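I opened this model to look up a few local features, and these entries follow the order in which I went through them.

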Amino acid sequence: MKIENIQVLRGPNIWSGSRKKLIQMRLDLQELEHKPTNKIDGFYERLKALIPSLQEHRCSPGVPGGFYQRIVAGTWMGHVIEHIALEIQTLAGMDTGYGRTRETKTVGVYNVVFTYLEEKVGIYAAEAAVRIAETLITGEDYDLEYDIQQMREIREATRLGPSTGSIVEEAIARDIPWIRLNNQSLVQLGYGKNQVRFRATMTEKTSCIAVDIASNKEETKRLLQEQAIPVAKGITISSTEGVDEAIRRVGFPLVFKPLDGNHGRGISINIKNHEDAVEAYEFAAKISRKVIVERYVTGYDFRVLVIDNKMVAAALRDPAHVKGDGTSTVQQLIDIENTDPRRGYGHENVLTLITVDRDTLDLLEKKGYTLDTVPAAGEKVFVKSTANLSTGGTSVDVTDHVHPQNIFICERISKIIGLDICGIDIMAENLTEPLTENGGVVLEVNAAPGFRMHIAPSEGLPRNVAGHVIDMLYPQGKSSRIPIIAVTGTNGKTTTTRLIAHIVKNNGHRVGFTTSDGIYVQNNMMLKGDTTGPVSSEFILKDPTVDFAVLETARGGILRSGLGFGFCDIGVVTNIQEDHLGLADIHTLEDLARVKSVIINAVKKDGWGVLNADNEYCVRIGKKASCNIAYFSMNENNPVIRAHCKKGGIACVHENGFITIKKGDWKIRVQRTIQIPLTFGGTVPFMIENVMAATLATFLWGFKTEDIKISLETFIPSAAQTPGRMNIFEFKDFRFMIDFAHNPDGYRGIKEFLRHVDSPLKIGIIAGTGDRRDEDIRELGKLSAEMFDYIILRQEKHLRGRTEENILSLLKEGILSVDANKQFEVVPKEIDAIKHAMSLAKPGTFITALSDVVDNAIETVQNYQEQERNGLFNV
């Protein structure tokens with residue numbers, strides 16, 4: 001078998017309307033295409049022995065063991081690999097369930113698709129599943145546990161931590177979108193101007209000064225002491241000489257902790273002699289130059305969580321420990337404790353596996369124990385000095401038992417320090433009595449407290465503390481989203497996107513939009529290039545200045561990674577025509593329609609899909625859509641329009657020379673077509689379609705027809721406003737038009753326009769694109785022969801696997817099939833072709849360059865225009 005490629009689909013895609021995150025592996029079975037599982041001796045038995053948990057996979061029979069039934073009956077290896085990839089992720093603590101395996105148009109090549117939770121784990125699972133299957137076929141041994149552990153480690157290295165993850169999960173539950181901004185814990189909630197950011201459990205509302213204070217334990221302690229908050233007696237030292245002063249002023253027993261430490265690092269507790277005190281200082285000094293020395297207060301370790309100045313949770317924390325049974329060693333007791341199913345690797349379970357480290361050995365040594373010591377039955381032996389859950393500690397929820405005065409103290413502390421999310425560590429016998437009465441003290445205040453002990457305590461009621469964070473960041477009435485209009489189709493996407501953005505901008509919004517020539521915010525180009533994929537969409541959605549997004553969305557990005565957003569308010573499909581067929585398993589217009597329909601499937605339930613009623617594939621998409629649908633058409637008597645409006649539907653039509661909105665039987669005329677510059681006096685049907693699509697989309701959003709009308713009148717086609725879309729340049733004796741048409745349907749649109757152009761000589765400059773089918777390239781030649789008097793062929797770029805000679809020969813075949821006497825010549829380079837076309841021009845000539853590199857062509861022609869104005873024009 002051979003893995004041809006692995007793609008990570010992060011957003012809505014062609015496989016799943018439920019927006020699952022998917023791995024898509026293109027797998028060539030090679031000779032195994034002719035060997036289903038029932039023809040491989042012993043395969044079923046070896047698979048069942050290696051991964052017995054596959055018994056739970058129901059597969060198409062729909063019963064436990066259904067997948068094994070398919071193995072016995074005979075199924076193809078791609079299907080097997082799909083199930084293995086899902087199950088090994090589950091065994092590694094990442095429960096997944098959705099999968100599909102489908103053969104492509106290439107015999108023996110399959111798309112194996114399955115869900116993932118962590119992207120890099122999903123890729124590993126795909127590769128491992130193939131290795132496992134190959135080993136099972138040959139009958140060799142396989143170390144499955146190694147793969148499972150590798151996936152666990154990858155997950156822990158790449159996943160969001162439990163605190164960050166809980167906030168994201170709560171946001172998802174409330175339909176708030178999120179974007180991970182780095183490979184750690186910086187996260188954006190919401191889109192555009194309605195975004196908020198947080199890192200771990202610090203938010204953009206968190207005061208920088210407050211974090212600085214909380215990070216300085218000495219400063220924190222001083223401020224709290226001044227406000228009559230009970231704190232532990234202590235001093236700060238920065239040398240071994242200071243240890244003696246600390247002993248004299250504070251007295252044994254002592255606690256040593258780094259001034260700038262966190263997560264319990266460098267802490268030593270219950271120090272009772274000078275030698276241990278020096279060693280404890282040196283241990284803490286490795287973390288921080290200054291070390292806090294405090295009186296060791298006996299009692300229990302509590303953590304109180306305050307969010308938005310309200311106490312929301314409290315937990316009793318217990319350091320990792322074992323209980324003796326009178327026969328087992330400490331090491332054996334740790335091993336037994338780690339078999340608790342609640343314990344897992346890293347943060348995968350409620351509790352974390354206990355590991356042996358220096359802290360463990362030091363604690364045992366202080367008791368005169370080693371790992372081989374056998375504690376007495378019932379004896380509690382601590383193996384960690386701090387109660388952090390990440391080192392194996394446990395937590396018990398005590399939220400409902402905190403005394404009102406202690407709640408008051410903790411909420412007051414959050415205001416004294418100034419933290420919006422505040423973790424307060426308290427040592428006390430209990431929290432049911434006021435700290436002022438039971439001698440409890442505040443040990444420290446945390447600016448980024450962990451949530452795990454509260455959301456998944458080992459005992460007691462879990463607390464949805466992340467919900468309080470979301471309440472604070474998005475109080476009732478505050479939106480997390482901005483409007484999104486997504487535009488796709490074969491032709492007209494960019495012009496429609498730009499026109500919609502123009503209308504939106506003229507209605508007072510700060511609009512961000514993506515096109516095939518660049519990313520724009522308020523008509524300012526941010527990035528240049530073909531920016532129609534999910535990364536470009538995220539660029540706009542990350543921009544905190546944008547309050548409305550219009551996103552051109554091409555097939556390539558959808559197939560490569562899925563959409564860059566969860567759903568949109570309005571989805572537009574301009575048309576579905578033959579283009580890019582034969583690429584990425586898209587061979588027919590039905591295949592292409594399935595790709596384009598992803599946009600309509602991503603429209604929210606109460607949103608709108610805007611579809612071309614003159615295109616049968618768009619109409620098919622509309623019939624299956626689950627959102628509201630509105631159609632546009634060049635013919636108000638189109639049967640689809642008539643039936644749709646008869647039911648009270650909304651449409652936009654071209655009737656009696658007007659762009660008209662229809663609502664049921666009512667007509668709202670927006671503007672005469674000849675008054676809309678983009679239609680070139682009503683002579684370009686495909687531009688009229690673009691205008692209708694944009695008019696309908698913006699009308700459905702809620703803009704007034706009067707405002708839409710003004711925008712249609714002020715959207716002037718030009719190299720600046722619509723680069724590469726019928727840009728016409730006037731010279732003294734001829735006109736020169738540049739257009740991005742690159743497929744047969746685009747050529748037909750230009751052909752229709754040229755019918756209305758009065759010219760004694762129409763010269764065309766054309767080129768092919770190597771990744772199109774032979775028949776598509778020939779068709780470009782045919783159409784060129786039908787609309788031009790003289791043709792210049794050029795081919796210097798976009799060979800994409802073909803030779804220049806091959807593309808040119810196909811174009812020539814197309815030309816000669818229409819007119820064996822048609823005049824044409826080859827000028828390989830575009831700049832030379834433009835110059836040569838101008839040299840052939842006589843008064844009234846109309847030159848058309850159908851260019852795949854618009855920027856170069858526009859710049860070249862504009863330079864010649866400037867030369868003519870300056871009297872230097874010489875071709």
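Before reading off any element, I note that helices here are DSSP runs of H or I with at least four residues, numbered from the N terminus, and that the model is a predicted one.

Entry on a helix residue. I looked up Ser784 and found it in helix α26, which covers residues 774–787. Is Ser784 buried or exposed? I read a relative accessible area of 0% for Ser784, so this residue is buried, the cut-off for that word being under 20%. Setting aside the neighbours within four places in sequence, I find Ser784 in contact with Tyr747, Ile766 and Ile791.

Entry on a sheet. I next followed an open sheet of four strands, which has the order β5-β6-β7-β8 and antiparallel pairing. Its edge strands are β5 (178–180) and β8 (202–203), each of which pairs on one side only. Between β5 and strand β6 (residues 186–189), which run antiparallel, I find three bridges, and I note that Arg180 has Val187 in β6 as its bridge partner. Helix α6 (residues 162–173) packs on this sheet and touches β5, β6 and β7 (196–199), while its direction makes about 15° with that of β6.

Entry on the surface. Which residues form a nonpolar patch on the surface? I list Met526, Leu527 and Phe539, which together have about 240 Å² of accessible area.

Key: Residues numbered from 1 in each chain as written. Predicted model: local features only at pLDDT ≥ 70, side-chain atom pairs only at ≥ 80, totals over all residues. Heavy atoms only, no water. Helix = DSSP H or I, 4+ residues; strand = E, 2+ residues; numbered from the N terminus. Buried < 20%, exposed > 50% of the residue type's maximum accessible area, 1.4 Å probe, protein only. Contact = heavy atoms within 4.5 Å. Pairing = 2+ DSSP bridges. Axes fitted to C-alpha atoms, helices over the stretch in contact; angles between N-to-C directions. Patch = residues over 30% accessible without salt bridge, like charges linked within 9 Å, V, L, I, M, F, W, Y side chains within 5 Å. Areas by Shrake-Rupley, 256 points an atom, 1.4 Å probe, with all protein chains shown as cover. Salt bridge = Lys/Arg side-chain N within 4 Å of Asp/Glu carboxyl O.
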